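Subject: A structure for you to explore

Hi there,

Here is the structure I promised to pass on. Have a look at it first, and then read my notes below.

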Amino acid sequence: MEIEKIAILDCGGQYTKVIDRKVREMNVKSEIFPIGVTADQLQGFQGIILSGGPGSVWTEDKALPYDPAIFDLKIPVLGICYGMQLINQHFGGVVLPGVKTEYGEMVIKVDTECPLFKGLDETQRVLMSHGDSVAQLAPGFKVAAKSEAIYVTIYDEDRKIYGVQFHPEVDLTVQGKAMMANFVYGICGLSGNYVLEDRIQTAIDKIREKVGDEKILVLVSGGVDSAVSAALLVKALNPDNVYAIHIDHGLMRKNESDLVCENLRRQGLKNLIRENATEVFFNTPVEIDGKLVGPLTTLTDPELKRNVIGDIFIQVVRKTAESLNLDFDKTFWAQGTLRPDLIESGNPDVSSYAHRIKTHHNDVDIVRRAREKGLVVETNWDWHKDEVRQVARALGIEESVASRQPFPGPGLAIRLICYDGTNNLTQEQYVTFNQMMQQVGGEYQGQILPIQSVGVQGDCRSYRYLSAIYGAGMNFDWEQIYQIGKQLPNETNFINRVAYVLNKTAVAPIQAYPMYINMENVDLLREIDAIVTGKLNIKPISQVFAVLLPVGASGKFSVAIRTIITNDFMTGRPAFIGEDLPKELVMEVVREIEANFPQIDLIMYDVTGKPPATVEWQ
Ligand code: XMP
């Protein structure tokens, strides 16, 4: 039976991989191509989805080139946001900026006669995010939804071409899944024959085909991704040829390396090597673009930290390989990189236009070069996080690993906010901040701090300042502080994260102090993180951890508790205290940190969603 598949043409939107995941959830294979793909390459696909993107179809410089013949293939097409505008323009309509700019959730009315909305309610809550819009409808197209002056859905039923201005792929579009299903099953006529068992078998076949009787190294971090990677290799190959290496970079969570190694042994891995490489990671400078960078203990920039750690990882693996008499430059190595990780780092294999938000450590340059040589085996290339958990269960990996919360490869390094003491905040920014606080703060006060963290705003990476807000200690009104967390980043262009101080009502001026990675700081963070995760790792929280900050009003260290509730880690919101997370539990954490760590001054709770912040601070 031929596997059904849909082509996703990437126009640079951050949600391209969410489209990918939604299609795969429907048991249909998907492949992502750059929008410039030729029509020839799309033969054999049963549907095409054009993603959203930051460009503008009506400009010469920001319109993305595409092959017009993709519309002559007689394959159904769904265009989302930029994709819809491209369709409209291609078929002779007009797209213009500024007819109306809409960002955020909206309620629209849809025509349920349109096959895309078949069986759905007339009133739909959708996520809209666009500056341009259709000003004049392409001839032959009908309108299935409008909001005020804007065409929200256009379609040509005979040619099976559909365009939606909103984003059906994200959870904020409440019935988006049903709309996607109408396209995939109804309009494209697919049945969903790409089931998990077949996909596991495909992964195993691919590994066998590539590696054969050769030896292979697999890097295991302890997360579910690398556990699945190792388990697939053991299943696919002669277990004697599989060498699992666990590198303890000194930035792991409490007791994690012990747990990891125990679990791997239970999975039948014969050759397990544990490298305790803290000294190397902390003390080795690395050459990046011809310049010597580091060592890690001197860096503040998050991307440099990631790159240095990524590079040293490879150096350590190389040494380990040599000690096993393997030539690293000729030996296969496996990684548990997931599809979305490859998309997010702007990897040209997967997405050509997406903005690089963070470099994923298993996608640094050296990995890309090895990939070009065909030596990297990405066993999980075909799966998103929730799918890899299903695969783990199907392979018999124990539940504690299958459902384990994600932990970034660079570990605690990116949760320790390093700072060199420079304050680049301008007087104007302080004034604007104080004015904003007066407008949106209500009974709460706030301070803007000279330390920055990473965010994602309007499809782009941001590196902006943190605001600490306070006023009621544990007697806060969640709705109010959450609102402030939304408003400050929205209404300024220099803040992307807001944290509420839980353990104090009044806070003297907060100072920032230089801080770098060292054993002592990492140990401190590790211990506090164990308290935070030990108590707050409950459903429905997708990820929870502690962040160490170099700020304080009466001490040099503070802590932020970060929680996130998300399906795909692309967008998400903090756990609402009092709703998702019992207040008593949070108070216990605060009390325990206060009792055990007198050096910690402020204990904050990150109240920012993604966007505008990212999950990790760095
Ligand atoms: P962000 O911070 O990008 O995180 O919103 C989304 C998810 O990805 C994890 N993450 C990483 N995982 N290496 C990893 O293996 C990394 O460099 C990395 N950065 C972020 C993060 O923990 C969250 O689950």
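Before we talk about distances between domains, one definition: the domain bounds used here come from an automatic or database domain assignment. Please also keep in mind that this is a predicted model.

With that settled, the protein chain is divided into domain 1 (5-187), domain 2 (196-412) and domain 3 (427-606). The centres of domain 2 and domain 3, taken over C-alpha atoms, are 31 Å apart. Each side brings residues to the contact: 24 residues from domain 2 and 24 residues from domain 3.

What does the meeting of these two domains look like? About 2100 Å² of area is buried between domain 2 and domain 3, and carbon and sulfur atoms give 64% of that. The count of salt bridges between domain 2 and domain 3 is one. There is a salt bridge between Lys254 and Glu527, whose closest N and O atoms lie 3.0 Å apart. Five residue pairs are in polar contact across the interface of domain 2 and domain 3. On the side of domain 2 that touches domain 3, the elements giving two or more residues are helix H7 (278-283) and helix H8 (302-323).

Opposite Trp333 you will find Val376 in E16.

You can see both kinds of pairing further along. Strand E17 (residues 445-457) and strand E18 (residues 460-470) run antiparallel and are joined by 11 bridges. Gln457 has Cys460 in E18 as its bridge partner. By contrast, E18 pairs with strand E19 (residues 495-501) in the parallel sense, over five bridges. Here the bridge partner of Tyr465 is Ile495 in E19.

Enjoy exploring, and write back whenever you like!

Best wishes

Notes. Residues are numbered from 1 along each chain as its sequence is written. This is a predicted model: local features need pLDDT of at least 70, side-chain atom pairs count only at pLDDT 80 or more; totals for chains, interfaces and linings use all residues. Side-chain values use heavy atoms; hydrogens and water are left out. Two strands pair if DSSP finds at least two bridges between them. Helices (H or I, at least four residues) and strands (E, at least two) are DSSP runs, numbered from the N terminus. Contact means heavy atoms within 4.5 Å. Buried area is the accessible area (1.4 Å probe) that two parts lose on being put together, summed over both. A salt bridge is a side-chain nitrogen of Lys or Arg within 4 Å of a carboxyl oxygen of Asp or Glu. A polar contact is a pair of N or O atoms within 3.5 Å; within protein, one must be able to donate a hydrogen and the other to accept it, and residues adjacent in sequence count only if both atoms are side-chain atoms.
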